[in-house]
Amino acid sequence: MDKKKTAKAETDQLTFEQSLADLEKIVRELEEGELSMDDALASYEVGIGRLKRCYQLLDAAEKKVALLIDVDDDGNAKTKPFAEPDAS
């Protein structure tokens, strides 16, 4: 397996919190400006992967959200799955 496939497989195993923590660390390091150009570019590339993972996990969580549509006579919530807005 090449480096990019290995890195992607590792990224796909990260939780949202792990991805966000890594991303925050990378941003701090880049803002400090003490990395070499090559290291900064490599860190930036990793950061983009972590950002994509965060968005992927947030999107998945959003799809699991149930919307409250009503309350029945017994006070129980009636819900429906969260639907994505139409792209039209």
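Helices (H or I, at least four residues) and strands (E, at least two) are taken here as DSSP runs, numbered from the N terminus. The structure is a predicted model, in which local features need pLDDT of at least 70 and side-chain atom pairs count only at pLDDT 80 or more, whereas totals for chains, interfaces and linings use all residues. Residues are numbered from 1 along each chain as its sequence is written, and side-chain values use heavy atoms, with hydrogens and water left out.

The chain comprises three helices and two strands, arranged along the sequence in the pattern α-α-α-β-β. Of its 88 residues, 12% are buried (under 20% relative accessible area; exposed means over 50% and partly exposed in between, with a 1.4 Å probe and protein chains only). Among contacts (heavy atoms within 4.5 Å) with a separation of 6 or more, 40% join residues 24 or more positions apart.

Helix α2 covers residues 16–32, and its end C-alpha atoms are 24 Å apart. This agrees with the 24 Å that 17 residues should span at 1.5 Å a residue, the expected span being 1.5 Å times one less than the number of residues. Within α2, S19, L23 and I26 are buried. Seen down the helix axis, the buried residues of α2 fall within an arc of 65 degrees and therefore line one face; the arc is that of the directions from the helix axis to the C-beta atoms. An α-helix has 3.6 residues a turn, so residues three or four places apart point the same way. The cover over the buried residues of α2 includes α3 (37–64), while the face turned away from the buried side carries the exposed residues E17, E31 and E32. After α2 comes G33, with a positive phi near 70 degrees.

Two salt bridges are present in the structure, each defined by a side-chain nitrogen of Lys or Arg within 4 Å of a carboxyl oxygen of Asp or Glu. In one of them, D22 pairs with R50, with the closest N and O atoms 3.0 Å apart. Because D22 lies in helix α2 and R50 in helix α3, this pair ties together parts that are 28 residues apart in sequence. R50 is buried, at a relative accessible area of 15%, and D22 is partly exposed at 29%. Leaving aside residues up to four places away in sequence, R50 touches T11, L14, S19, D22 and L23. A salt bridge also links K25 to E29, at 3.4 Å between the closest N and O atoms. Both residues belong to α2 and lie four residues apart, about one turn of the helix. K25 is partly exposed at 46%, as is E29 at 25%.

L57, in helix α3, is partly exposed at 24% relative accessibility. Its contacts, not counting residues up to four places away in sequence, are with L14, T15 and F16. The C-alpha atoms of L57 and S19 are separated by 9.7 Å, although the two residues are 38 residues apart along the chain.

A nonpolar surface patch is formed by L30, L35, Y44, I48, L51, Y55 and L58, with about 620 Å² of accessible area together. Patches consist of residues with over 30% relative accessible area and no salt bridge, like charges being joined within 9 Å and nonpolar side chains (Val, Leu, Ile, Met, Phe, Trp, Tyr) within 5 Å. Helix α3 gives the most to the nonpolar patch, with five residues. L35 lies in the loop between α2 and α3 and is partly exposed at 32% relative accessibility.

Note on methods: Areas by Shrake-Rupley, 256 points an atom, 1.4 Å probe, with all protein chains shown as cover.
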